[in-house]
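Please read these points with the model open beside you.

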Amino acid sequence: MDLANLTAHELTEQLAAGKVSSVEATTACLQRLEKTAGLGAYLHVDANGAKKQAAAADERRAKKQSAGPLDGVPIALKDIFLTEGLPTTCGSRILEGFNAPYDGTAVKKLKDAGTILIGKLNMDEFAMGSSNEHSGYLPAKNPWDPTRVPGGSSGGSAVAVAAGSAYMTLGTDTGGSIRQPAALTGIVGLKPTYGRVSRYGVIAFASSLDQVGPMTKDVTDCATMLQTIAGHDPRDSTSSVEKVPSYTQALEQGVQGLKIGVPKEYFIDGMDPEVRASVDAALESYKKLGATLVDVSLPHTDYGIAVYYLVATAEASSNLARFDGVRYGKRVDPGKGLLEMYLETRGKGFGPEVKRRIMLGTYALSAGYYDAYYVKAQKVRTLVAQDFKQAFAKCDVIVTPTSPTPAFKLGENTSDPIKMYLADVFTVAVNLAGLPGLSLPSGFSKSGLPIGMQVLGRPFDEATILRTARAFEREHDFSSRRAIS
Amino acid sequence: MSKEAPIDRAAVVHVAKLARLTVTDAEADALTRDMQSILAYVKKLDELDVREVAATSHAVHLETLLRPDEPRPCMPLEKVIANSPERIGDGFGVPKIIE
């Protein structure tokens, strides 16, 4: 078997047994990257740096000084994470040539764990998009069918894992940007509870929604990566002090006696029948494994997208004010004074989707519209969060489809923003409520496209989510199928 | 919000200025069309009576945690300023503000 098709924990076993070296694994990823370059997963590649890091990891191992389960494992990062020594563009032309002066906390933790950084991954500009077609550089393509999108905004992160050019990657999820691309590419992606992972050194999109999370080939790798990055960070006052449990300990304990909530609002007319059938079959499978299915209701689900696109754009319009051509990034100066410099820099530097969202957010926050749009959305957000609280009084986890359809065609949704926004209809509510949610493969369509399901949990109960996901994964081979052989 | 007229092109151009964005004529047309349809879509929130509902700004209760106020070395100036499009001495250069 090609080394690039192993999971990270399979690689770690082979590294520990001395069967392969980190240099060999890194070379395998780089070769796979070359073979799949047309998929557009990467924005920056550091082949030499990665090989050097891998040699150092092999040296540590030879001296029995390995840092832990991820030492020597090649990874890659969404280009939203600040990295010292590698460019960070956030998928935007406005940050072309930007070199961050420090590593973000999640990045530092992964480096300290001995991982090998292959490069930075493609994404929708400033994480705004559901298909990776809003990248300021190039669209990423789905390894299962390159005429289709990989989802977004962490599209490159999903493609790298699915295509084997990294063993695991980090993404960020503001309204589904980890889970939706994970579902569309047949991998595992987890959005942890708001505050579980530090956002220091992550370029902000919508600060009350953004969260960092792992994208991996299977659930075990997801647990290991979360273990590595979770925890309070003095540099991020919104990171939680809640104790980090062991995510790997309970992983194999199964779902016997577990109550799985099934919300009727997530099984709607008009959704793809194959997606529905796949998730229905998964629920049957859980029953056989000893779980109890409980009907729950999340009555405000249908309002999620409207709330999300007001709250997220309002926050984005504030966060993106910092890109003004003064301290970093591109400057376009027509020589007519400061205001003109701001207008031109931002007008030329941002792509159409980012502009659309800044405009919408500015409008929702502007005098006369603030109460009608922004405050109203925040109030409905309360109702969305209450729905989950009531549902979790009756169940331990909730299982839903991740995306209403498998991967759609490139160009299919680009002309209609609302159609594109509805790709996130099953994922945004979790961000609004601050909850953790994981997507894992639940099956494949007849035409061979991956289908994902979501496991949602109570705040800070990632351990139960991971255990639930693992119980399903153990019974099926969906996570072990590879797009590229 | 139900009483508001849908956003028109002049309002779009005004909001663009507030957001410090130049938009071309074609962009203004497209933004008007898109914002009209998005604002029409979010009107569905009017179906709900939220007069008695509190607004949520953060979903998970978090105490604001301040780290101890201890002096630490700050980032070297060269690093801070290395990415600026224009450097004047040890500062960020900007176009002239006062004539």
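**Notes on the predicted model**

1. Start where the two chains meet. In α11(A), A:M359, A:T362 and A:Y363 meet B:V15, B:A16 and B:L18 of α1(B). Contact here is defined by C-beta atoms, placed from the backbone, that lie within 7 Å. Helices are DSSP runs of H or I with at least four residues, strands are runs of E with at least two, and both are numbered from the N terminus. The contact of α11(A) with α1(B) has five nonpolar residues, one polar and no charged. Nonpolar covers Ala, Val, Leu, Ile, Met, Phe, Trp, Tyr, Cys and Pro; charged covers Asp, Glu, Lys and Arg; the others, Gly among them, are polar.

2. A word on the basis. The model is predicted; local features need pLDDT of at least 70 and side-chain atom pairs count only at pLDDT 80 or more, while totals for chains, interfaces and linings use all residues. Residues are numbered from 1 along each chain as its sequence is written, and chains are lettered from A and ligands numbered from 1 in the order in which they are written.

3. How do these two helices cross? The axes of α11(A) and α1(B) are 9 Å apart, and the packing angle is about 95°. Therefore α11(A) is roughly perpendicular to α1(B). Axes are lines fitted to C-alpha atoms, for helices over the stretch in contact, with angles from 0 to 180 degrees between N-to-C directions. Roughly perpendicular means 65 to 115 degrees; under 35 is roughly parallel, over 145 roughly antiparallel, and the rest oblique.

4. Now the whole interface. Chain B puts 48 residues in contact with 57 residues of chain A. On the chain B side, the elements that give two or more residues are α1 (9–18), α2 (25–42) and α3 (77–81). The largest share, seven residues, comes from α2(B). By class, this side of chain B has 32 nonpolar, eight polar and eight charged residues.

5. Helix α11(A) (residues 352–365) has a contact inside chain A too. Its axis and that of α9(A) (residues 304–319) come within 7 Å and cross at roughly 100°. So α9(A) is roughly perpendicular to α11(A). Among the residues in this contact are A:Y309 and A:L310 of α9(A), and A:R357 and A:I358 of α11(A). The classes are eight nonpolar, four polar and one charged.

6. Chain A overall. It has 15 helices and eleven strands. For 485 residues, a compact globule would have a radius of gyration near 23 Å, and the 21 Å of chain A agrees. That radius is taken over C-alpha atoms, and the globule rule is 2.2 Å times the number of residues to the power 0.38. Of the 485 residues, 64% count as buried. Buried means 20 or more other C-beta atoms within 10 Å of the residue's own, exposed means 12 or fewer, and partly exposed lies in between, with C-beta atoms placed from the backbone.

7. Finally, one residue. A:R32 sits in helix α2 of chain A. Is A:R32 buried or exposed? A:R32 counts as buried because it has 21 C-beta neighbours inside 10 Å. Leaving out residues up to four places away in sequence, A:R32 touches A:A4, A:A163, A:G164, A:S165 and A:I484. Other buried residues of α2(A) include A:S22, A:A25 and A:L33. Their cover includes α1 (8–16), α3 (47–62) and α5 (155–163) of chain A.

How values were computed:
Contact = placed C-beta atoms within 7 Å.
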